Amino acid sequence: MAKKSALQTARAAYQPKLPSALWGGVSAVEGEPTQSVADQEEIKALFPNTYGLPVLTFEKTSKSAKSHDAINVGVILSGGQAPGGHNVISGLFDGLKAVNKDSRLYGFLMGPGGLVDHNYMELTSEIIDEYRNTGGFDIIGSGRTKLESKDQFDKGLIILKELNISALVIIGGDDSNTNACILAEYYKSINAGVQVIGCPKTIDGDLKNEMIETSFGFDTATKVYSEVIGNIERDCNSAKKYWHFIKLMGRSASHIALECALQTQPNYCVISEEVEAKKMTLNEIVDDIAKVVAKRAEAGNNYGIVLIPEGLIEFIPAMKALIAELNDLLAKTPDFAEQTPAAQREFVLNNLSAENAATFASLPEGVARQLTLDRDPHGNVQVSLIETEKLLSEMVGKRLKEMKEAGEFVGKFSALHHFFGYEGRCADPSNFDADYCYALGYNAAQLIKCGVTGYMSSVRNLTCPSVQWIAGGIPITMMMNMERRHGAMKPVIQKALVDLEGKPFKYFAKHRAEWAEKTSYTYPGPIQYFGPTEVCDQPSRTLYYEKGGK
Ligand code: FBP
């Protein structure tokens with residue numbers, strides 16, 4: 001049997017704090033009917049049974065909770081790991097037991113595929129207790145199977161009926177919650193008697209809106225990356241001889257890179273959304289970084305830190321156009337993967353529009369090839385495989401050589417590369433994520449008890465102490481719009497990108513010139529689970545500034 005670490009043992013005893021609204025008797029207050037964020041007519045037509053539902057807010061009631069029949073519930077972890085998933089499940093388990101001690105929770109194994117293939121296990125209190133406050137998704141495993149076809153939904157229903165399950169909780173990102181909503185609509189349309197509830201997960205932080213203040217896992221993952229970036233900053237400031245190019249996860253949005261920049265004050269941080277807004281080319285980004293390197297070299301500082309969001313490539317307008325056309329082309333060419341690399345390259349060059357073919361041809365061959373590799377099941381380019389940090393540092397190196405010849409650069413440039421992503425996805429959840437996730441799960445049990453479907457568990461007011469958090473449910477259709485996916489228009493939850501008018505970005509933009517030139521590194525240190533609240537319980541800087549912090 002695996003030996004528990006001292007921290008694991010101590011942490012198992014932590015009791016996450018619930019919003020006071022969820023203590024004891026709870027009543028659900030209905031808000032006004034809702035609308036989708038865009039494309040209302042199309043979304044309404046696609047979701048006739050789950051469109052327009054009201055926002056629900058839970059309030060504490062003095063009436064003691066009425067007795068309720070036992071409920072059997074299924075739970076699925078979907079997509080990339082994010083710290084706190086186990087606490088969503090333990091909160092859900094405790095919430096269901098509070099509804100009726102005979103309620104049962106089943107976990108479908110290795111993601112949505114477990115539902116379709118009927119792979120499951122019952123989650124008993126002995127199992128749950130082993131996983132409280134731990135990182136990872138290993139309690140039941142996760143996967144990226146896309147739940148989207150009627151056939152999959154019907155196969156899933158067979159096992160749900162067999163286990164007498166009347167509600168399914170899907171813990172996932174924007175794509176998985178989109179599918180949760182499609183499933184909710186389908187089960188409702190056939191009167192299947194199965195509610196579907198989503199929970200907002202992703203370290204990327206891009207599943208958020210007015211009602212979902214943050215996705216879980218973002219807080220812990222960015223604290224882990226910031227700790228390590230801080231350590232590299234100290235190393236860099238001690239040896240004073242390397243430029244570190246650090247790529248950070250965040251498939252689409254740059255929230256992780258921005259949050260880490262706010263926590264560590266590096267010399268340069270690329271924000272993909274700004275690159276897109278300013279229509280910057282790859283060469284312009286390279287020029288910008290090279291100028292910072294040259295300026296620091298003038299003061300004798302031949303070292304520094306550059307942060308790069310992994311999704312950058314897709315935000316450079318020429319690259320974005322290329323990837324969009326490649327997505328359509330590859331979706332129409334099912335035997336593409338079977339061709340040799342040389343044949344693939346020729347096929348792509350012959351079938352793209354002239355402009356996109358020219359961009360494709362201009363890329364280093366390795367990067368061009370990475371763009372044609374398999375999409376994930378949601379049709380996304382696997383950006384974590386593209387070595388943008390090396391691409392940028394090589395190009396900066398070349399540019400500096402030219403600048404040296406022109407007498408514009410007097411220093412030395414030696415680069416090291418890092419990619420931080422997987423290191424942070426299974427960390428033990430910070431106190432914030434431990435409490436937030438437990439509350440999301442417990443709250444999901446309340447939504448199930450209310451009998452609703454097509455809702456996302458929502459816990460808000462997150463910069464206040466957790467007892468003051470607001471718990472409730474948000475209709476998922478409210479977050480949707482129509483987007484082009486796999487060559488066709490589909491209803492999807494709108495992704496939250498970095499808002500260039502938002503306070504977190506503004507703070508960064510105000511200070512970045514100073515951080516570039518001077519050495520203003522901040523060393524956040526490791527996540528602390530025990531100790532003073534200002535050390536242990538701080539929300540992310542992003543949430544802090546978004547909520548009006550100065
Ligand atoms: P989710 O959107 O599913 O939460 O996953 C996010 C993420 O961690 C990205 O940051 C990264 O690009 C991707 O997962 C990596 O995927 P995989 O785990 O399949 O390699």
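In this predicted model, the largest nonpolar core takes in 74 residues, and the ones with the most contacts inside it are Ile89, Leu92 and Leu248. Helix H18, running from residue 431 to 450, supplies the largest share of this core, at eleven residues.

Leaving aside residues up to four places away in sequence, Ile89 touches Val75, Leu77, Leu105, Leu123, Ile128, Ile139, Ile140 and Ile171. Helix H3 covers residues 85–99. Of its 15 residues, 13 are buried, so H3 is largely enclosed by the rest of the structure. Its length checks out too: at 1.5 Å a residue, H3 should span 21 Å, and its end C-alpha atoms do sit 21 Å apart.

Turning to charged side chains, the count of salt bridges comes to 25. One of them joins lysine 101 and aspartate 102, with an N to O distance of 3.9 Å; the cut-off for a salt bridge is 4 Å, so this pair still counts. Lysine 101 is exposed, at 63% relative accessible area, while aspartate 102, at 47%, is classed as partly exposed.

Another salt bridge links glutamate 122 with arginine 104, at 2.9 Å from N to O. Here the two partners come from separate strands: glutamate 122 lies in S5 (residues 120–122) and arginine 104 in S4 (residues 104–108), so the pair ties together parts that are 18 residues apart in sequence. Both ends are partly exposed, glutamate 122 with a relative accessible area of 27% and arginine 104 with 38%.

An α-helix has 3.6 residues a turn, so side chains three or four places apart point the same way. Glutamate 402 is partly exposed, at 46% relative accessible area, and arginine 399 falls in that class as well, at 23%. Beyond simple pairs, Asp94, Asp129 and Arg132 are linked in a network of salt bridges.

As for the rings, the count of aromatic pairs is 15. In one of these, phenylalanine 432 and tyrosine 436 have ring centres 5.6 Å apart and planes at 35°, so the pair is tilted. Both residues are found in helix H18, four residues apart, or about one turn of the helix. Phenylalanine 432 and tyrosine 436 are both buried. Elsewhere, Tyr106, Phe108 and Tyr120 come together as one aromatic cluster.

Rings and charges also meet directly. Lysine 247 places its charged end over the ring of phenylalanine 419, 4.3 Å from the ring centre. Arginine 541 does something along those lines with tyrosine 545, lying over its face at 5.6 Å from the ring centre.

Note on methods
Residues numbered from 1 in each chain as written. Predicted model: local features only at pLDDT ≥ 70, side-chain atom pairs only at ≥ 80, totals over all residues. Heavy atoms only, no water. Core = buried A, V, L, I, M, F, W, Y, C linked by side-chain atoms within 4.5 Å. Buried < 20%, exposed > 50% of the residue type's maximum accessible area, 1.4 Å probe, protein only. Helix = DSSP H or I, 4+ residues; strand = E, 2+ residues; numbered from the N terminus. Contact = heavy atoms within 4.5 Å. Expected span 1.5 Å × (residues − 1). Phe/Tyr/Trp six-rings, centres within 6.5 Å; stacked < 30°, edge-to-face > 60°. Lys NZ or Arg CZ within 6 Å of the ring centre and 35° of its normal.
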